[in-house]
Amino acid sequence: MRSQTSLSLLSTLLLLPLSTLAAFTGEVEESGVKFNFKELKQHSVVIEHTIPPSVEKTVWTINPLGKIELDKDVDSKDQCPDGTQVCGIVSVWRDGKPEEHPIQILPIADAESSKDSEPVYNILKDSDGKVGGLNVTLHGAEYGEKKIKQKAVVQFLCDKLEGTEQPDKDGKGDNALKFISYDEAEGTLTLEWKTKYACEGASAEKPVESKGSWGFFTWFIVIVFLVVAAYLIFGSWLNYNRYGARGWDLLPHSDTLRDLPYLIKDFLRRAVNTFQGSGGRGGYSAI
Ligand SMILES: *[C@@H]1O[C@H](CO)[C@@H](O)[C@H](O)[C@H]1NC(C)=O
């Protein structure tokens, strides 16, 4: 039992590096500057084009923490495929109502990209060397007849905005997330995201919640657990082979372990006696 637990634990530890594929999940360290966008959420910006008698609406959606959450109420064929991180959906509206299906679905960037198309980070600095933000380039698959490889350049700019403010319906104005351009020939979407989390030192003020990441403490516990497990297993094996021990006697120091409750009780009684004793005498006070 015990050895099985530590074995599966060990294999988890060994497999761990494999699962950390290069992906943009909101935390970046670039040129010694740490950015943490974990407070930002999936966000969309809508661009409207009037094409009388219709209106063409494009919804650009990005999840700065991973893949876009699929909308359960929408047919999966009318959304970007599962695993998309940046997506564009074009629909035609007539008389204030959308047509049944979108006319274009653009998976711009994948949450988990292959080795040759990992996210690229460019730190933005002004002439004084002050950090103004971070450019994040995310890559996607080929799209359309010309098989143009898609990518998104997200320019995170240091600003006083939180970054979760809702944009206007035309995607302009002083909003957190702004559509800059989509270059069809290049397959490049450019977005701008104003947020205080793009300012230098923002991640230092708000320490990273180590949710899911293996902090020092977790490692410490794991190592202590492994050492104790190894000790118990080896000790039991030794007792079994050398002394033919069975049952509780297998455990190393089994007699000490068995006496432990009495030892603790004894210690507590002594401690209580000492306190009561000094309290009873009274009159003394250390100077
Ligand atoms: C960041 O992205 C913007 C928009 O694409 C571009 O104009 C700018 O040159 C980029 N800056 C860096 C340092 O890569």
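User: What does Gly66 touch, leaving aside its neighbours within four places in sequence?

Analyst: Gly66 is in contact with Phe24, Gln85 and Ala111; contact here means heavy atoms within 4.5 Å. This is a predicted model, where local features need pLDDT of at least 70, side-chain atom pairs count only at pLDDT 80 or more, and totals for chains, interfaces and linings use all residues. Residues are numbered from 1 along each chain as its sequence is written, and side-chain values use heavy atoms, with hydrogens and water left out.

User: Why is Gly66 called buried?

Analyst: Buried means under 20% relative accessible area, exposed over 50%, and partly exposed in between (1.4 Å probe, protein chains only). Gly66 has 12%, so it counts as buried. It lies in the loop between strand 4 and strand 5; strands (E, at least two residues) and helices (H or I, at least four) are DSSP runs, numbered from the N terminus.

User: How do you know that Ser236 is buried or exposed?

Analyst: Same test: the relative accessible area of Ser236 is 14%, so buried it is. Ser236 sits in helix 3 (residues 216–243) and touches Leu250, Leu251 and Pro252, not counting residues up to four places away in sequence.

User: What makes Phe24 and Phe156 an aromatic pair, and what kind is it?

Analyst: Rings of Phe, Tyr and Trp (its six-membered ring) pair if their centres lie within 6.5 Å; planes under 30 degrees apart are stacked, over 60 edge-to-face, and the rest tilted. By this rule the count comes to ten aromatic pairs. Phe24 and Phe156 are 6.0 Å centre to centre with 50° between the planes, a tilted pair. Phe24 is in the loop between helix 1 (2–19) and strand 1 (27–30) and Phe156 in strand 10 (residues 148–158), so the pair ties together parts 132 residues apart in sequence. Both Phe24 and Phe156 are buried.

User: Why is the pair of Trp60 and Tyr182 called tilted?

Analyst: Their ring centres are 5.3 Å apart and their planes at 45°, so the pair is tilted. Trp60 is in strand 4 and Tyr182 in strand 11 (residues 177–183), 122 residues apart. Trp60 is buried too, at 4%.

User: What makes a nonpolar core, and which residues of the largest one touch the most other members?

Analyst: A nonpolar core is a set of buried Ala, Val, Leu, Ile, Met, Phe, Trp, Tyr and Cys residues joined through side-chain atoms within 4.5 Å. The largest has 32 residues, and Phe37 and Phe156 touch the most other members. Strand 9 (residues 131–143) gives the most to this core, with four residues.
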